[in-house]
Amino acid sequence: MFHANESKKGRGTLAVVNGKMMLHVSLSGKKILNLYVGKADDAKNNEADWLKPTKDKVTYEDGLSETVYGFNVPVKKMDSEFDLALIGKKGVWYDHKVSVSDIQKKEKPGDGNHEVNVFLDGGTGRAGIKSPAMLSVKDGKAKLKFVWTSKNYDYLIAGGKKYLNETSGEDATFEIPVEDITKPVSVTADNTAMGTPHEIEYKIGILY
């Protein structure tokens, strides 16, 4: 069954990007391997639309920490039940229904380093960013350090300033300022995979 992790008090975190709602929820373990917005029978034939898990570190009241699976789930309407099929280690899809309600806005993070879940909106959908990412805050000013799933980004522009890739190899890493973590961050990233470099516009959602 689909249960939010007890360390999160049964709650997820909602972000809005381009008018679209996205809920991140950490589960109770690693038994659920994929989710699908829709019916189980439809999920079998639509693998491209399966929701893939993130690895979330959770800490319980007794101080014990562990890594569990989490998911970014698109939400069309609040307080409205919708189909969310799931598949576990047995390889069988099951129908499930969920609804999202009682959203409470969380306080802004204080100074320090915070592991946050992120998602990407825009582009062709072929590239993504790894979640979780690291949000660092100093004197109330925040910076987000994130890693692309592709090495084919040499720079990006955020807030009118150009930032270069900090690493080389299989990934591309960038650190950019974040004015308001409750709002998506607009970036223009230069992709070199198509022979001639192309600047592509994205929005990065932070789920804190």
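Histidine 24 is buried, with a relative accessible area of 4%; buried means under 20% relative accessible area, exposed over 50%, and partly exposed in between, with a 1.4 Å probe and protein chains only. The model is a predicted one, in which local features need pLDDT of at least 70 and side-chain atom pairs count only at pLDDT 80 or more, while totals for chains, interfaces and linings use all residues. Residues are numbered from 1 along each chain as its sequence is written, and side-chain values use heavy atoms, with hydrogens and water left out.

Histidine 24 belongs to strand β2; strands (E, at least two residues) are DSSP runs numbered from the N terminus. Its side chain makes a polar contact with the side chain of aspartate 56 at 2.6 Å. A polar contact is a pair of N or O atoms within 3.5 Å; within protein, one must be able to donate a hydrogen and the other to accept it, and residues adjacent in sequence count only if both atoms are side-chain atoms. Beyond four places in sequence, histidine 24 is in contact (heavy atoms within 4.5 Å) with residues including Gly12, Thr54, Phe71 and Leu207.

Opposite histidine 24 stands threonine 13. Strands β1 and β2 (residues 20–26) pair in the antiparallel sense over 5 bridges, where pairing requires that DSSP finds at least two bridges between two strands. Both are part of an open sheet of 4 strands, ordered β1-β2-β5-β4 with antiparallel pairing. β1 (13–17) and β4 (54–59) are at the edges with a single partner strand each, so one side of each has no neighbour in the sheet.

The largest nonpolar core has 26 residues, of which Leu144, Phe146, Trp148, Leu156, Ile176 and Ile204 touch the most other members. Such a core is a set of buried Ala, Val, Leu, Ile, Met, Phe, Trp, Tyr and Cys residues joined through side-chain atoms within 4.5 Å. Strands that each supply at least two residues of this core include β11 (141–148), β12 (153–158) and β16 (198–207). Apart from it lies another core, of 17 residues, among them Phe2, Tyr69, Phe71 and Val98.

β12 pairs with β15 in the antiparallel sense over 5 bridges, and alanine 158 has valine 187 in β15 as its bridge partner. β12 is also joined by 4 bridges to the antiparallel strand β13 (residues 161–164), with leucine 156 opposite tyrosine 163. β12 and β13 form a hairpin with 2 residues between them, and glycine 159 in the turn has a positive phi of about 60 degrees.
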